[in-house]
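Here is a friendly walk through one model, meant to be read with the viewer open. Please load the sequence and the coordinates before going on.

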Amino acid sequence: MATTESPVEDKLPIRMTSTVVRGFGRGSSDLGIPTANLERGDANFHSNTKFDELPTGIYWGFARIGTDPTTYKTACSIGYNPTYGNETKTVEPHLIAPSADPNRHASSCGESVLGDFYDKPIRLSVVGYLRPERPFEGLDKLITAIKSDIVNAEKLGDGSEAQTLQEKEWVASEEAL
Ligand code: ADP
Ligand code: RBF
Ligand code: MG
């Protein structure tokens, strides 16, 4: 008898700490939606789930950078960016500035630009699943889809469920996984 795959929700939340590395630079230049790519090597990547076992998809959650205690809502991609056909998996959260922050609508498509995070430590909790990643015909359609994910991540991040509050608190802390 075939075994049934457990739903991705059963694997969440997934907590990760790592370092921000360079990717292809497309998030900012092609899309106007920068994403902080996590280093995947064992020395830097720590999680309750092995990197290779992270379930692909588009998620919402929380993230913060370095010693700055500011915790941001995030819309996060885990996978192969099928519009581009990447050969290696990436974990790449887009950090969403709060609506009152002047950086909230600073990018070419009106999304958050928060500065340079390269080589800095990152803490991320992926709390909820939004949708599968998929190839889009043209960058405009990809941008429209991601902008809708960001709207959803902003709403869901305001939730008062115990798990949402717990994950926000863990990201804001210095606690290990
Ligand atoms: P890369 O392919 O190198 O990840 P991106 O175009 O995705 O390049 O840009 C990501 C970089 O932009 C991040 O590593 C960080 O230094 C910076 N950045 C600025 N604003 C944000 C943001 N709101 N979310 C994530 N990264 C941001
Ligand atoms: N790439 C895709 O090819 N298909 C997707 O469905 C997709 N969804 C994304 C959703 C979010 C919230 C984010 C932040 C990124 C997504 N991406 C997707 C990844 C995007 O192609 C990638 O961030 C850029 O190419 C820069 O690395
Ligand atoms: Mg990126």
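## Salt bridges

A salt bridge here means a side-chain nitrogen of Lys or Arg within 4 Å of a carboxyl oxygen of Asp or Glu. Side chains of opposite charge can pair when their charged atoms come close. The model you are looking at is predicted, and by that definition it holds eight salt bridges.

Start with R15 and E167, whose closest N and O atoms are 2.9 Å apart.

R104 takes part in a salt bridge with E111, the closest N and O atoms lying 2.7 Å apart. R104 also forms a salt bridge with E154, and there the closest N and O atoms are 3.1 Å apart. The second pair spans distant parts of the chain, from R104 in the loop between strand 6 (90-96) and strand 7 (121-131) to E154 in helix 2 (residues 139-156), 50 residues away.

Which residues make up the network of salt bridges here? R104, E111, K147 and E154 are linked in it. Within this group, both R104 and E111 are buried, and the relative accessibility of R104 is 5%.

## The magnesium site

Now turn to the magnesium ion, ligand 3. Its protein donors are T35, through atoms O and OG1, and N37, through OD1, at 2.1 to 2.3 Å from the ion.

T35 is among the lining residues closest to the centre of the largest pocket, and N37 is one of the residues that line the second largest pocket.

## Strand 7 and its partners

Strand 7 pairs with strand 1 in the antiparallel sense over six bridges. One place to look is M16, whose bridge partner in strand 7 is L124. Strand 4 (residues 57-65) also runs antiparallel to strand 7 and is joined to it by eight bridges. There you can find Y59 opposite Y129 of strand 7.

Why is strand 7 largely enclosed by the rest of the structure? Eight of its 11 residues are buried, so the strand is largely enclosed. When you colour the side chains, keep in mind that in a regular strand they alternate between the two faces of the sheet.

Rolling a probe the size of a water molecule over the atoms shows where empty space is left. The largest pocket has a volume of about 840 Å³. It is lined by 45 residues, of which G27, I33, P34, T35 and E92 are the closest to its centre. Strand 1, helix 1 (26-31), strand 5 (72-79), strand 6 and helix 2 each give two or more residues to this lining, and strand 6 gives the most, with five. By class, the lining of the largest pocket has 21 nonpolar, 16 polar and eight charged residues.

The second largest pocket has a volume of about 150 Å³. Its lining includes V21, R22, F24, N37, R40 and K89. Strand 2 (37-38) and strand 6 each supply at least two residues there. The lining of this second largest pocket divides into five nonpolar, four polar and three charged residues.

## Backbone details worth checking

Most residues other than glycine have a negative phi, and most peptide bonds are trans. In this model the peptide bond from L12 to P13 is cis, with omega near 0°, and P13 is found in the segment before strand 1.

N81 sits in the loop between strand 5 and strand 6, where it is buried with a relative accessible area of 18%. D119, in the loop between strand 6 and strand 7, is exposed at 65%.

Methods:
Residues are numbered from 1 along each chain as its sequence is written. Chains are lettered from A and ligands numbered from 1 in the order in which they are written. This is a predicted model: local features need pLDDT of at least 70, side-chain atom pairs count only at pLDDT 80 or more; totals for chains, interfaces and linings use all residues. Side-chain values use heavy atoms; hydrogens and water are left out. Donors are N, O and S atoms within 2.8 Å of the metal (3.2 Å for Na, K and Ca); water is not among the atoms, so sites may look incomplete. Buried means under 20% relative accessible area, exposed over 50%, partly exposed in between (1.4 Å probe, protein chains only). Helices (H or I, at least four residues) and strands (E, at least two) are DSSP runs, numbered from the N terminus. Two strands pair if DSSP finds at least two bridges between them. On a 1 Å grid over the protein atoms alone, a cavity is a set of points where a 1.4 Å probe fits but cannot get out, and a pocket is an open set with protein on both sides within 12 Å along at least five of seven lines; lining residues have an atom within 4 Å of a point. Grid points are joined across faces, edges and corners, and a volume is the space filled by probe spheres set on the points. Ala, Val, Leu, Ile, Met, Phe, Trp, Tyr, Cys and Pro count as nonpolar, Asp, Glu, Lys and Arg as charged, and the others, Gly among them, as polar.
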